[in-house]
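Thank you for asking for a note to go with this structure. The points below are meant for someone who is opening it for the first time.

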Amino acid sequence: MSNALETAQLGRRYGRVWALQDCTLALPAGRIVALVGPNGAGKTTFLHLAVGLLRPTAGSVSVFGHSPQREPLTVLPRVGFVAQDHPLYKEFTVNDHLTLGRKLNRRWDEAYAVSRLNQFGIPLTRAAGKLSGGQQAQVALALGMAKRPELALLDEPLASLDPLARRDFLRALMDVAVADGLTVVLSSHLITDLERVCDYLVVLSHSRVALIGDIEEIVRTHKRLVGPRTDHTAVAAVHNVIEESHTARQTTLLVRVNGHIFDPAWEIADVTLEDIVLAYMGQARASVSEASGGGMGGPWRSPLDDEKHDEERDESEVTR
Amino acid sequence: MIKFYLDTGSGTPPYLQIVQQVKQALRLGMLEKGDQVPTVREVVAQLVINPNTVLKAYRELEREGLLVSRPGLGTFVLKTLETSSPASHAALRRSLGRWLQSAREAGLDEESILALFTTTFHGTQPRESEGTA
């Protein structure tokens, strides 16, 4: 299957700090992708690069084979972008927003947008600022989808919504995905928000890709092994150990298995997607603090990393 | 028409849960030959899940010859699931009984027997690639 989005060594630096670096990935068309990472891991930077709002500092990004920066007229009509907190013009009515969309977009299906808004009982004559949070999110989604995009990028669309509004929002989004077969990328710092609806996962941590792949495959191939405290080099020689913890008598491993585990000393259990994601984030943090010393920690570092950046801290104290 | 539910904490992949629920409905006679199952769009709207999950479940059931998809019309039950013949049940039960007897004679307690069964069962699943540790 073809890819909706590809990047090669993509990176973006703000001043001295890399918000995203060495990002090489391919998102297959037709998938619903969860872009997950802690706050400041580079999710928004990634999405802004994909939609051409930012220019890469390094590497390249292509959407349906074209550069969003250099060929916006080819790329942008095919991409729907809903920015963080679904921003709307508070004083404008919903109808005003539709007019704006019609005038600003080459590809625009107003009947489609109106029917979606009617479906959710959203009054078209009301000012956007007077709508509930859930309704504002639905308006932003309807506007983004009125372009009838082939790729939808949504930055933290659930963050400001209550559980019922989240469910309604995802239901509306899945309905578009079924009907139009589009590729969707949803970002969130919580994988549990997205687990039901996504089938592909990208974990960003410390400005790098920590894990990528088909969610079912990821869950199937990761296991927790519990056994007596022993040398586990035999396991590590065949399987990838993501996380390990030891007590005096017991060793617990989270591994990505290659094939079957035959050693009866290990008790093998399934792992939830959330645990897997957290383990990869932990691994990324460990490798960053090992490798640090340079200014490579990403813009939002843990306190642990900060201790190693005395020079930068001095600078910020001068400006204060 | 049947309704699906999803147990997110069960560890069973969502597509497999749908497969199992269709089979259960076929076994219990809640679905009969010629019945229509919910469309992908209906299941997605009801459960708020990934459309590919539902497609994958229906494809699996088609591959097993239980469902058939008629483009533009929907997906229909092709055949029901008779639980396999009582005769083969009895034979399997007898050989399992003999095996359990020898396991107990070897000194295995209930939990050890279950653990052995479970690991062997998972170890002999079809299409499982092999390696060593």
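1. Two strands are said to pair if DSSP finds at least two bridges between them; helices (H or I, at least four residues) and strands (E, at least two) are DSSP runs, numbered from the N terminus. With that in hand, chain A holds an open sheet of 4 strands in the order β11-β12-β10-β13, with antiparallel pairing. Because β11 and β13 (267-270) of chain A stand at the edges with a single partner strand each, one side of each is left without a neighbour in the sheet. Neighbouring strands of this sheet are turned by 25 degrees against each other on average, direction ignored, where axes are lines fitted to C-alpha atoms, for helices over the stretch in contact, and angles run from 0 to 180 degrees between N-to-C directions.

2. A word on provenance: this is a predicted model, in which local features need pLDDT of at least 70 and side-chain atom pairs count only at pLDDT 80 or more, while totals for chains, interfaces and linings use all residues. Residues are numbered from 1 along each chain as its sequence is written, chains are lettered from A and ligands numbered from 1 in the order in which they are written, and side-chain values use heavy atoms, with hydrogens and water left out.

3. Within the sheet, β11(A) is joined by 6 bridges to the antiparallel strand β12 (residues 250-256) of chain A, and A:E244 stands opposite A:L253 in β12(A). Both of these residues are also among those touched by A:H232, which sits in the loop between β10 (222-228) and α9 (233-238) of chain A. A contact here means heavy atoms within 4.5 Å.

4. A:H222, found in strand β10 of chain A, counts as buried because its relative accessibility is 0%; buried means under 20% relative accessible area, exposed over 50%, and partly exposed in between (1.4 Å probe, protein chains only). The side chain of A:H222 makes a polar contact of 2.8 Å with that of A:Y280, and a polar atom of the A:H222 side chain lies 2.7 Å from the backbone oxygen of A:I218. A polar contact is a pair of N or O atoms within 3.5 Å; within protein, one must be able to donate a hydrogen and the other to accept it, and residues adjacent in sequence count only if both atoms are side-chain atoms.

5. Another histidine, A:H239, lies in the loop between α9 and β11 (240-246) of chain A and, at 1% relative accessibility, counts as buried. The side chain of A:H239 reaches the backbone nitrogen of A:N258 at 2.9 Å, and the C-alpha atoms of A:H239 and A:G259, 20 residues apart along the chain, are separated by 8.4 Å.

6. Turning to chain B, one finds 5 helices and 3 strands, which follow the pattern α-β-α-α-β-β-α-α along the sequence. Of the 133 residues in chain B, 29% are buried.

7. In helix α1 (residues 14-27) of chain B, the end C-alpha atoms are 20 Å apart, which agrees with the 20 Å that its 14 residues should span at 1.5 Å a residue; the expected span is 1.5 Å times one less than the number of residues. The buried residues of α1(B), including B:Y15, B:I18 and B:L26, pack against α8 (215-221) of chain A together with α2 (40-47), α3 (51-63) and β3 (74-77) of chain B. After α1(B) comes B:G29, whose phi is positive, near 75 degrees.

Conventions
Lists of a residue's contacts leave out its neighbours within four places in sequence.
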